[in-house]
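Thanks, everyone, for making the time this morning.

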Amino acid sequence: MKNPTVLVAIGHGLYEPWLNILYEGQEKTWLHAEPPLGVSTIHYHGSPVGKIGWKLDRLHEWLRWKNRWFATFLRLIDRIRGVPLLLFIPRISTSKEIKSSHLALHIHFPDTYQNVRWKDLAILNYFINERSEDFILFTTTSSYIHYAHLIERVSGLDAQDFYGGVVPYEGAKFVAGNNRLISRSAVVKLLNHRSYFDPGYIEDVAMGKAFERLKIKLDSLPSWNFTDIQGVETLTEEIFLKNYHFRMKSGSFGNRLDVPIMLSLHNKIVNEFK
């Protein structure tokens, strides 16, 4: 596609360690630079649910992965609750919580794993009705995007009904939310067939199933993970040139090392690969 345009949409949670990674990692590295022509960036987040809501959401996800009997029962409950809600698209306003040189949006819907699909629907609806870009790239706080490589990759794609990104494991029929690229025409079809976005499945799997029903095939796109700074030190220029998405996947929830890894990666890119 000639001269493609992309909206990079970064999803955040308004709690630690993610806020620290945003401000000390992303904002001081790849978000500090002005995006090239054709790329725009926004932040978005839902409404925090508090400690009780967070614990209930964690319980929900524990039940989902406990065993197939629990998962089957939970899928039924989630469908009963969620199918009518698919007709609803949450309201969006300018965020008062995230401070950035890029636009930040507040999606007025409880921010839980169970409700991620409604955050998706809100941003996709915003993308279609308020923006003009050809593609939207969903990514996350722990991601580093190289804008120039993103544009190079998108330039080689067909914008008609494109759905692609990083496939999390061999045989998966969906792409993960940290690197998910969707074209405008595919977004329109998903919004017009929201009933296909089955609330009984976890959000990324459900989106893959929805696009499969819409006869939109999945395209695998590259990504590179870092678990420590040593991984950054051994990054080759060949691997760097093949990727636009780099994911920090370090430590434990209470001891993330994303910030130093992201800073190290940015320093290597600026000083060795330019």
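Let me begin with lysine 189, which counts as partly exposed, since its relative accessibility is 30%, and please keep in mind throughout that this is a predicted model. Its partner in a salt bridge is aspartate 161, with 2.6 Å from N to O. The lysine sits in helix 6, residues 184–192, while aspartate 161 belongs to the loop between helix 5 and strand 7 (163–165), so this pair ties together parts that lie 28 residues apart in sequence. Aspartate 161, at 19% relative accessibility, counts as buried, because the cut-off for that word is under 20%.

Beyond that pair, salt bridges with shared partners join Asp120, Arg180 and Glu203 into one network, and the count for the model as a whole comes to 12 salt bridges.

Two further pairs deserve a mention. Lysine 119 and aspartate 111 meet through their side chains in a salt bridge of 3.0 Å, N to O, and both of these residues are buried. Glutamate 133 forms a salt bridge with arginine 131, at 2.9 Å from N to O, and this glutamate is buried, with a relative accessible area of 8%.

Histidine 146 lies in the loop between strand 6 (143–145) and helix 5 (147–155), and it is buried, with a relative accessible area of 15%.

Note on methods:
Residues numbered from 1 in each chain as written. Predicted model: local features only at pLDDT ≥ 70, side-chain atom pairs only at ≥ 80, totals over all residues. Heavy atoms only, no water. Helix = DSSP H or I, 4+ residues; strand = E, 2+ residues; numbered from the N terminus. Buried < 20%, exposed > 50% of the residue type's maximum accessible area, 1.4 Å probe, protein only. Salt bridge = Lys/Arg side-chain N within 4 Å of Asp/Glu carboxyl O.
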